[in-house]
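Colleague: I am new to this one. Could we go through it in short questions, beginning with a single residue?

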Amino acid sequence: MKRLILIFLSIQLFICNVARADYKALISIDMTDGRVLYQENARDENYPASLTKIMTLYLVFDALDKGRLTLNQNLIVSKSASEKPQTKLGLKPGEKISVETAIKALIIRSANDVATVLSENLTGDEGDFGSLMTRVASEIGLSKTNFKNASGLTSMDQVSTARDLALLSLAIYKHFPQYYKYFNERSFTYNGQTYYTHNQILNVYPGANGMKTGYTAKSGYNLVATAKRGDDMVMSVVLGSTSSAERLKTSVKLLDYSFDLMDGKKPGNFTNYQTKTTSNGNITHDDSESGTEQPKSSIKTTTKPIEQKNWGSGSMGVQFGAFSSKNAATEQQTRVKNLFGINTSVEQYSGLWRVRANKLSETSANEIIRKCISHNVQCFMFH
């Protein structure tokens, strides 16, 4: 069991009297101790768009950490996943994609079909996964966040705040440092095609090392960005920019402003701050995802990696794949019986036939997962 991580957010408020048109909300934090360096409208609810995928990745990394998934494990694509709108990889029903490739596709391509594949392989249903996302978000300290799907495709009930998204991103960095490297990758190749990152901050900002872009018509252009200078590491969150260029420009400015604060400088009012770093570059449209100082206050926020018990209550189950025909599912049922001596049922769901072992204890389910991994059998635990 990992130790509980307590993050203390010392909040320094800067209030702008004039509403700005090029973004809706901002926040920046010191990633070492969670201290808030700057914020505007950071507690206002906004649509997260594909920043939602940061929560999806949190649950994927937790599953890897707990042994429910392995990086080289192949996941089978369902019909519902294949039908998700752009941006996507264009996966076909029955196609397989490895967990590691899926992680890269989520971060670099922001692939909506891959988000659904991961959600279905972790809980069996994307709706259930959305409920899990919301529950875990609350457990790690997000106070005004609600998730409905794994991708960030627009839902009126799917909302978050700049503060919550900063805390979520910090939780990934603190809880799963071994996987944070994926947020710094610029490209990946799948089926012979190379995809390049939408996150232009990685290409234009010195020391940038993550994280994730997001865009829908309702959300505007969003970006969580992290950068390191010497021993200092800063995260910025920009929500609701009017264009990808403005999103990048504001993120660069906020990072520079925050590093100046950490260096003990007095950069003055953020509105009038002149950044020294250029944001000019090959800025691409991210159509993929369809002040006066106040007295300091502090918030004590509890964040922790989720434990097995947090995935719900009641009996557990293990799924051994979803198939386009009942015959294929029956063959898998026989294989599972021969390998593990486990009785399973074949259930029809969303055009596919699922092979499932139900009403298992948590101990039995974990043991089955370990056996699946050793025999290279695709399976996942559900509740």
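Colleague: Which residues does serine 98 touch, not counting residues up to four places away in sequence?

Modeller: This is a predicted model, so the contacts are computed from it. Serine 98 lies in strand β6, residues 96-98. Leaving out residues up to four places away in sequence, its contacts are Leu71, Asn72, Gln73 and Asn74.

Colleague: Is serine 98 buried or exposed?

Modeller: The cut-off for buried is under 20% relative accessible area. Serine 98 has 17% relative accessibility, so it counts as buried.

Colleague: Which strands are at the edges of the open sheet?

Modeller: The sheet has 5 strands, in the order β4-β3-β11-β10-β9, with antiparallel pairing. An edge strand here pairs on one side only. The edge strands are β4 (36-40) and β9 (208-216).

Colleague: What is the bridge partner of alanine 225 in β11?

Modeller: Strands β10 (residues 220-229) and β11 (residues 232-241) run antiparallel and are joined by 8 bridges. In β11, alanine 225 has as its partner serine 236.

Colleague: At about what angle does helix α6 run to β11?

Modeller: Helix α6 covers residues 162-175. The helix lies across β3 (25-30), β9, β10 and β11. Its angle to β11 is about 140°.

Colleague: Where is the backbone oxygen that lies 2.5 Å from a polar atom of the side chain of tyrosine 257?

Modeller: Tyrosine 257 is found in helix α8, residues 244-262. Its relative accessible area is 1%, so tyrosine 257 is buried. The backbone oxygen 2.5 Å from a polar atom of its side chain belongs to glycine 268.

Colleague: How far apart in space are tyrosine 257 and glutamine 274, C-alpha to C-alpha?

Modeller: In sequence, tyrosine 257 and glutamine 274 are 17 residues apart. In space, C-alpha to C-alpha, the distance between them is 8.7 Å.

Definitions and conventions
Residues are numbered from 1 along each chain as its sequence is written. This is a predicted model: local features need pLDDT of at least 70, side-chain atom pairs count only at pLDDT 80 or more; totals for chains, interfaces and linings use all residues. Side-chain values use heavy atoms; hydrogens and water are left out. Two strands pair if DSSP finds at least two bridges between them. Helices (H or I, at least four residues) and strands (E, at least two) are DSSP runs, numbered from the N terminus. Contact means heavy atoms within 4.5 Å. Axes are lines fitted to C-alpha atoms, for helices over the stretch in contact, and angles run from 0 to 180 degrees between N-to-C directions. Buried means under 20% relative accessible area, exposed over 50%, partly exposed in between (1.4 Å probe, protein chains only). A polar contact is a pair of N or O atoms within 3.5 Å; within protein, one must be able to donate a hydrogen and the other to accept it, and residues adjacent in sequence count only if both atoms are side-chain atoms.
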